[in-house]
Amino acid sequence: MPSAQEELVFAPLGGLGEIGMNAALYGFGAPGKRKYILVDCGVAFAHADMPGVDLILPDPAFIEKNRKDLLGLIVTHAHEDHVGAIGALWPRLQCPVYATPFAAGLLQTRRLAEPGAPDVPLKTVQQGERLKLGPFEVEFVAMSHSIPEACLLAIRTPVGTIVHSGDWKLDETPGLGRPTDIARLKEIGEEGVLALISDSTNILREGESPSEAHVAEILREKIGAAQGRVLVTTFASNIARLKAVCLAAQEAGRQVVLAGRAMERSLAVARDCGYLDGMPETLPLDAFARLPAKKVLVLATGSQGEARAAMSRIIRGEHAVKLSPNDLAIFSSRTIPGNEREVGAIVNALILEGVDVITSQDALVHCSGHPRRGEVEQLYQWLRPRIAIPAHGEALHLRVHAAFARQIGVKHVLTARNGDMIALGPDEPGHLPGIAHGKLYRDGEVILSEADECFRQRHRLAAAGIVSIAFALSAKGDVVGTPDVVSFGLPQKGVDGRPLDEVIDRALFDTLDSLPKAKKRDPDVTCNAVEKSVRAAVSAVWGKKPHVHVLAIEV
């Protein structure tokens, strides 16, 4: 039995307030003596208003401070928004990582294969297995999702069972892998569930998500009717979808060419795990040029408009794959919020080239891996939790999910955000003082705080450009030689028609000529005067103030 001071807590570090960056901390014990497990450690993807940022990661400051009490990191499934931060953040956690074979395989071939990646102690577990970690016993329950081996976690503790859903849906025909283990969910519900922390991604949609089998049927129909080349772009990790496309191509007499390393990696891992039995062999990219138009199907990465992925390179003419009028491009994917502009640009470029385009707006060529409201209600009926905490979603998703849970009769419904700490038991649930949290930005190979000054500076440079000025000053305060002036990101002419180069030069030389020699003997004073003068002069004829960098060298 737990002591009077021991309690069970839930503390999200990411994923409650945004799509992605999922990281959920569970702790048990007295304050200061708690043992923890971390469920998932994912990334969110940077938007266009984050110049230079590659990925967004949860800040692990709290658990890093308590890492001696961190018993393990448990992976629900292999999507990047659940595992993408493991390689970057594991040195701060230094705990065992537990994942199913497919998730472990993708981690090893992607994030943990990057240059400088840490040697993470990966331990594989099977769906249906139980894992004992200190006061926690974690059961991995098979769930359908848009990737193999997704798991719901039944986390048993001395004060009750928590169910952490991960990403899931109800699909009796998922294409490959195990369907949601409904019988086991019902048994867990009969045992008694203290709290359910569950996916909110599709809570705004009524009914139930379509099955992968239905999508496979439509893809087979569209691919079979195509007259020219066919290109299909989808998520590289959706192995069931990739297999369905390959089988449809085989039926239509087409050979499949892969365009994108992510697809090659995913299929290699799936093959090692035994998921591709009966699927025809794919061909490397160099096979595209020698195959007749009616005999080829290209599987391409870049369904989200990623600049370096195959789809973006194809429309820029930088790729071996070339499409012609009346070829067919199928977007077997949904557009992740924030990527609409990039995806729209690819769709429009294809249409302008005369390519026929089919998206999920036109036909059932994609289905979500997340549950709609009818499926969410079914899970609540099976588990009958005493406490509900919506997770995996933006503020609107969490609020609607909370209202829905109250409507169907859950006794305690709590809304949490990143950095909250929720007491789940043994007493009545409620909020405790919050913990350190935030976002980290992956910028090239460097991990930076979201408050780093460089990001504010980049916004400023993106909005108004930069003027760089360098000149030499003698000890007497005379300018030696000709100043060097370079500008980036400024228009060529101002509103009065004068070239901005002339405006900058005039402001520079007027300032240097008018400054007393006594002041020019001080390089800092001189630089400040030139900076203010040039910025004001450009602003007067442009209406924007550029960043002005001035360097005076004493000679």
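I began with Arg316, which makes a salt bridge to Glu318, with 3.1 Å between the closest N and O atoms. This is a predicted model, so I keep that in mind. I looked up the cover on both partners: Arg316 is partly exposed at 43% relative accessibility, and Glu318 is partly exposed at 47%.

Next I checked Arg442 and Glu445, whose side chains form a salt bridge at 3.3 Å, N to O. Here Arg442 is buried, at 13% relative accessibility, whereas Glu445 is exposed, at 67%.

Then I turned to Asp510 and Arg506, a salt bridge with its closest N and O atoms 3.2 Å apart. Both sit in helix α14 (residues 500-514), four residues apart, which means about one helical turn separates them. Asp510 is partly exposed at 38% relative accessible area, and Arg506 is partly exposed at 49%.

I also noted a salt-bridge network that links Arg130, Glu137, Glu139, Arg156, Arg184, Glu187 and Glu191. My search of the whole structure gave 28 salt bridges.

**A helix pair**

How do α11 and α12 cross? I found that the axes of α11 (residues 373-383) and α12 (residues 395-407) come within 11 Å and cross at roughly 50°, so the two helices are oblique to each other. The crossing is right-handed.

**A surface patch**

Last, I looked at a nonpolar surface patch formed by Val480, Leu551, Ile553 and Val555, with about 340 Å² of accessible area together. Val555 lies in the segment after β29 (547-554) and is exposed, with 59% relative accessible area.

Technical notes:
Residues numbered from 1 in each chain as written. Predicted model: local features only at pLDDT ≥ 70, side-chain atom pairs only at ≥ 80, totals over all residues. Heavy atoms only, no water. Patch = residues over 30% accessible without salt bridge, like charges linked within 9 Å, V, L, I, M, F, W, Y side chains within 5 Å. Areas by Shrake-Rupley, 256 points an atom, 1.4 Å probe, with all protein chains shown as cover. Salt bridge = Lys/Arg side-chain N within 4 Å of Asp/Glu carboxyl O. Buried < 20%, exposed > 50% of the residue type's maximum accessible area, 1.4 Å probe, protein only. Axes fitted to C-alpha atoms, helices over the stretch in contact; angles between N-to-C directions. Parallel < 35°, antiparallel > 145°, perpendicular 65-115°, else oblique. Left-handed = near helix turned anticlockwise from the far one by under 90°.
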